[in-house]
Amino acid sequence: YTIYKFLLKRISMKNKLYTAIGLMSGTSMDGVDLSLVRSDGLDQFVNILDEYYEYDANLHDQLVDLRNVIFNINDLKKYSQKLIKLERDITLFHSKIVNEVLLKYKDEINFVGFHGQTIFHNPEMKISRQLGDGQLLSQLIKKDVVYDFRQEDLKNKGQGAPLTPIFHNLLSKKINKKYHIDFPICFINIGGISNITKVNNKYELLEENLEAFDSGPGNCMIDEWIRKNSKYRFDQNGLIAKNGKINQLTLNQAIDNFNIDSFKKSLDIKDFDISFTRGLSLEDGCATITNFTAYLIAKGIKYSNGNNDNPIKYLICGGGRKNSFLVQNIKGYLSNKKNISLEIIDEYNFNGDFIESQAFGYLAIRSFLNLPISYPKTTGCKIPTLGGKLVKNF
């Protein structure tokens, strides 16, 4: 009888589509990706629109400066007043852009998935602090808001990240069906941190089908180098690195001195520093850091591939996919793995800039339906875990 009720619930849920806005601001802290999606929280999914809204320079600088001084729970307490003010500013920014979309899109929107801006993430301390007041956002936009997605996973002995694999699972089925790409299908998200999702096939239970982990730095070290040594925020298309020369001695020392000994730990940008390139020119430092980043990403890809010799496709999404020098260097480190092919996810009719914002719209719907958003093989949680707090404050 219990199984029968569960199946009826699944069938009824499939017939009900919800519309959600997903909001995502990554570790680059440059702005907010907004996506409007429609889904049943399972296999049905339609992307309606995607927009990017840039933070002004003042807000960006405040975020970066505050993140740079927070290393533990005592720092969170020490800077609590600044965090409260900045959280309000972040929330007001999100409310403004959501209300802009609500003016343009007249159909009903059921939920807003509000990731917030990560200021500190340390799973060993069971802390993942995202700036974003869900109660205030709900009041300002007059919508149900789902936020604070990571806490339940942390409580359940998970790493709190990555959370996008369940959405990658959905995308893999669409790509498999439309383009006849065989499983396993893998996704590499290169944001501030890089993470990899492997979807083994379309039939297994999600607990067994999904594998994911943080694989190392993405753009974080490159961005930090550029910010500290130039007037720019990032290396657009990898052009600065292309004009530099990799310092092989410095690179070899970095590889020898830094090792990710386990892929079971989620990562924060504070796990990496750029001091090993001190004294290099802007271009040479950028080239060396980019190659080191590529080395670590390639190492993660090899780990996920294991002993597999069959053809396997890795689809790259996130801002790092636009850094052609980075992608070229990743491919260089994989040149002896003939079965592995790297492609940009945009080649499969998905905008790689908005995968995560689409994901948080999808996760908001799953949260409302009390469906898990993380699994033992994606975050290390003990059992499939629900996530997100639903608030209605209007």
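Mentor: Lys174, Lys177, Lys178 and Lys202 form a positive surface patch, where a patch takes residues with over 30% relative accessible area and no salt bridge, joining like charges within 9 Å and nonpolar side chains (Val, Leu, Ile, Met, Phe, Trp, Tyr) within 5 Å. Lys and Arg count as positive and Asp and Glu as negative, while His and the chain ends are not counted; the place of a charge is NZ of Lys, CZ of Arg, CG of Asp or CD of Glu. The model is a predicted one, in which local features need pLDDT of at least 70 and side-chain atom pairs count only at pLDDT 80 or more, whereas totals for chains, interfaces and linings use all residues. Residues are numbered from 1 along each chain as its sequence is written, and side-chain values use heavy atoms, with hydrogens and water left out.

The areas come from the Shrake-Rupley method with a 1.4 Å probe, and for residues only the protein chains shown count as cover.

Side chains of opposite charge can pair when their charged atoms come close. Over the whole structure, a search finds 14 salt bridges, each being a side-chain nitrogen of Lys or Arg within 4 Å of a carboxyl oxygen of Asp or Glu. One of them joins Lys104 to Glu51, with an N to O distance of 3.5 Å, and this pair links distant parts of the chain, since Lys104 lies in helix 4 (residues 80-104) and Glu51 in strand 3 (residues 45-54), 53 residues apart. Lys104 is exposed at 56% relative accessibility, whereas Glu51, at 29%, is partly exposed.

A local pairing is found in helix 6 (residues 151-155), where Lys155 and Glu152 are three residues apart and therefore separated by about one helical turn; the closest N and O atoms of their salt bridge are 3.4 Å apart. Lys155 is exposed, at 62% relative accessibility, and Glu152 is partly exposed, at 37%.

Lys313 and Glu343 form another salt bridge, their closest N and O atoms being 2.9 Å apart. Because Lys313 is in strand 10 (residues 312-317) and Glu343 in strand 11 (residues 340-344), this pair ties together parts that are 30 residues apart in sequence, and both residues are buried. Elsewhere, salt bridges that share partners join Arg321, Lys322, Asp346 and Asp353 into one network.

As for the cysteines, the search of the whole structure finds zero disulfides, a disulfide being a pair of cysteine sulfur atoms within 2.5 Å. The sulfur of Cys186 is too far for a bond, because the closest cysteine sulfur, in Cys317, is 12 Å away; Cys186 itself is buried, at 0% relative accessibility. Cys220 is likewise in no disulfide, with the nearest cysteine sulfur, that of Cys286, at 13 Å, and Cys220 is buried with a relative accessible area of 10%.

Methods
Buried means under 20% relative accessible area, exposed over 50%, partly exposed in between (1.4 Å probe, protein chains only). Helices (H or I, at least four residues) and strands (E, at least two) are DSSP runs, numbered from the N terminus.
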